[in-house]
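Please read the points below with the sequence and the model open side by side.

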Amino acid sequence: MSPADDPHGRDPEAVRRFVERFTAVMVEAGVPRMASRVLACLFATDSASLTAADLVRRLQVSPASVSKAIGYLEGLGMVRRERDARPRRERYVIEDDVWFGAWSASSRKVADWAQAAHEGVTLLGPDTPAGDRMRQMGRFFAELGQDMSGALGPQAADDVLTMAAALLHAGRPLT
């Protein structure tokens with residue numbers, strides 16, 4: 001396909017390089033490589049949706065690789081399935097507010113970590129080394145949760161984005 005074939009006049013090679021770069025950024029943040037490739041491909045598609053066959057063709061990977069990546073992304077709430085017009089086909093779709101959803105999920109996980117740490121302090125004892133570590137962890141996650149739900153300064157925003165990427169990566173196993 002040439003730029004003349006693209007309805008917006010884009011160079012397909014430049015788009016491909018962008019998808020690779022966007023993938024690398026997500027991989028650096030801890031997102032598994034194939035999930036990053038699928039997500040980048042969906043984001044770089046005007047319709048924000050593709051079928052499994054479309055993804056296999058564009059990414060030149062196996063259907064099983066796409067399926068595993070989609071399962072991972074669905075588990076994080078970043079992609080949803082919908083019925084395609086053609087029988088027995090599904091489309092994978094990215095919502096316009098996907099980042100807000102990921103942020104909200106990360107915020108809930110931070111609150112869960114703070115609560116678990118608080119329970120750990122009670123169980124382990126506040127005057128023990130383990131209880132003290134739990135107290136420090138709980139304080140950190142409680143403050144992070146407050147930062148995530150309120151106004152952020154530049155340093156806090158960087159810290160929260162780093163933490164959100166880590167939680168996104170650790171949020172669910174690939175299995």
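The numbered points below go through these topics in turn.

1. This is a predicted model, in which local features need pLDDT of at least 70, side-chain atom pairs count only at pLDDT 80 or more, and totals for chains, interfaces and linings use all residues. Residues are numbered from 1 along each chain as its sequence is written, and side-chain values use heavy atoms, with hydrogens and water left out.

2. The structure holds five aromatic pairs. Rings of Phe, Tyr and Trp (its six-membered ring) pair if their centres lie within 6.5 Å; planes under 30 degrees apart are stacked, over 60 edge-to-face, and the rest tilted. One of the pairs is phenylalanine 22 with phenylalanine 43, edge-to-face, at 6.0 Å centre to centre and 70 degrees between the planes. Phenylalanine 22 lies in helix α1 (residues 12-28) and phenylalanine 43 in helix α2 (residues 33-43), so this pair ties together parts 21 residues apart in sequence. Helices (H or I, at least four residues) are DSSP runs, numbered from the N terminus. Phe18, Phe22, Phe43 and Trp99 form one aromatic cluster.

3. Tryptophan 113 and phenylalanine 141 also form an edge-to-face pair, 4.8 Å centre to centre with 70 degrees between the planes. Tryptophan 113 is in helix α5 (residues 98-124) and phenylalanine 141 in helix α6 (residues 129-149), 28 residues apart.

4. A nonpolar core is a set of buried Ala, Val, Leu, Ile, Met, Phe, Trp, Tyr and Cys residues joined through side-chain atoms within 4.5 Å. The largest one here has 24 residues, and those with the most contacts inside it include Leu39, Ile70 and Val79. Two or more residues come from each of α1, α2, α3 (52-59) and α4 (63-75); α2 gives the most, with six. Apart from this core lies another, of five residues, among them Val110, Phe141, Leu144 and Met148.

5. How do α5 and α6 pack? Their axes (lines fitted to C-alpha atoms over the stretch in contact) are 8 Å apart, at an angle of about 155 degrees, on a scale from 0 to 180 degrees between N-to-C directions. The two helices are therefore roughly antiparallel, a term for angles over 145 degrees. Residues of α5 that meet α6 include Val110 and Trp113, and those of α6 include Phe141 and Leu144.

Note on methods:
Buried < 20%, exposed > 50% of the residue type's maximum accessible area, 1.4 Å probe, protein only. Parallel < 35°, antiparallel > 145°, perpendicular 65-115°, else oblique. Contact = heavy atoms within 4.5 Å.
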